[in-house]
Amino acid sequence: MRRLQDGDNRLIRSRPLPGSFPHLFSRFFDFAFAKPLTESEIELLSGWLTHPQAQIFFSQDSRDQAHGFKSASYVARSLPSDLEAIRAAALHDVGKRHAALGAFGRSIASILIKFRFPLSRRMERYRDHGDLGARDLASVGSSEIVVRFARVHHGDRPEEIDLARWTVLHDSDR
């Protein structure tokens, strides 16, 4: 499997952020009330991720870690032998850590993005979290599927990801 290099500057702009207002409302509560990972969840994730990927994953807010674990667990149940898809699901939102926004900041950013209003620098980083995370993941030698899913998980399926794999990955982010 081809790996993207650290200097790979290909950008695939995803759609702004997905979702209707009920979806965004649900995401707010999922984030705001997420519980930190348990020791057994941390151990499981550590077994799925490479050491550099784990360093990136565990540098996220604990609530983003909970979402990544939930996504990865979904893929692990659906595609148990596809370690790269499990990694892609776990790591798809790691770029959000660059924005350092809490639940309210993310909600405001999502509304501003949806209506295409001007954004602060932190909100721009939140909007661009796919590209930021993809660059981080490429810099530690992640496989193309891991990098690509981080970059385009809010967008359309890239041709290089087969439909069945994309469907599971996409569904894991709901």
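Begin by selecting α10, where Arg165, Trp166, Val168, Leu169 and Ser172 are buried, buried meaning under 20% relative accessible area, exposed over 50% and partly exposed in between, with a 1.4 Å probe and protein chains only. These residues cover an arc of only 165° around the axis, which puts them on the same side of α10; the arc is that of the directions from the helix axis to the C-beta atoms. Helices here are DSSP runs of H or I with at least four residues, strands are runs of E with at least two, and the numbering goes from the N terminus.

The model is a predicted one, in which local features need pLDDT of at least 70 and side-chain atom pairs count only at pLDDT 80 or more, while totals for chains, interfaces and linings use all residues. Residues are numbered from 1 along each chain as its sequence is written, and side-chain values use heavy atoms, with hydrogens and water left out.

Turn the view to the face of α10 directed away from the buried side, and you will find the exposed residues Leu163 and Ala164. At the start of this helix, select aspartate 162, from which a side-chain oxygen reaches to within 3.2 Å of the backbone nitrogen of alanine 164; this can be read as a polar contact, a pair of N or O atoms within 3.5 Å in which, within protein, one must be able to donate a hydrogen and the other to accept it, and residues adjacent in sequence count only if both atoms are side-chain atoms.

## The whole chain

Now zoom out and colour by secondary structure, which comes to ten helices and zero strands. Of the 174 residues of the protein, 48% count as buried. Among contacts between residues at least 6 apart in sequence, 65% join residues at least 24 apart. The protein exposes about 9100 Å², of which carbon and sulfur atoms supply 56%, the areas coming from the Shrake-Rupley method with a 1.4 Å probe and, for residues, with only the protein chains shown counting as cover.

## The nonpolar cores

Next, show side chains and select Leu45, Leu91, Leu137 and Leu169, which touch the most other members among the 31 residues of the largest nonpolar core. Such a core is a set of buried Ala, Val, Leu, Ile, Met, Phe, Trp, Tyr and Cys residues joined through side-chain atoms within 4.5 Å. A second, separate core has seven residues, including Leu101, Ala109, Ile113 and Met123.

Centre on leucine 45 and, leaving aside its neighbours within four places in sequence, you will see contacts with Leu37, Phe57, Phe58, Phe69 and Ala90. Then move to glutamine 65 in helix α4, which counts as buried at 10% relative accessibility. Not counting residues up to four places away in sequence, glutamine 65 touches Leu37, Phe57, Phe58 and Gln60.

Select residues 103–114, helix α6, whose twelve residues at 1.5 Å a residue should span 16 Å, and whose end C-alpha atoms are 16 Å apart, which agrees; the expected span is 1.5 Å times one less than the number of residues. Its buried residues are Ala103, Gly105, Arg106, Ala109, Ser110 and Ile113. Seen down the axis of α6, these fall within an arc of 160°, so they line one face of the helix, and they pack against α1, α4 and α7 (121–127).

For a view from α1 (residues 21–32), pick phenylalanine 21, which at 41% relative accessibility counts as partly exposed. Beyond residues up to four places away in sequence, phenylalanine 21 touches Ile111, Lys114 and Phe115. Phenylalanine 21 and lysine 114 are 93 residues apart in sequence, with their C-alpha atoms 9.7 Å apart in space.

## Two loop residues

Most residues other than glycine have a negative phi. In the loop between α5 and α6, select alanine 100, where phi is near 50°, a positive value; alanine 100 is exposed, with a relative accessible area of 55%. Finish in the loop between α6 and α7 at arginine 116, which has a positive phi of about 60° although it is not a glycine, and which is exposed, with a relative accessible area of 66%.

Conventions
Contact means heavy atoms within 4.5 Å.
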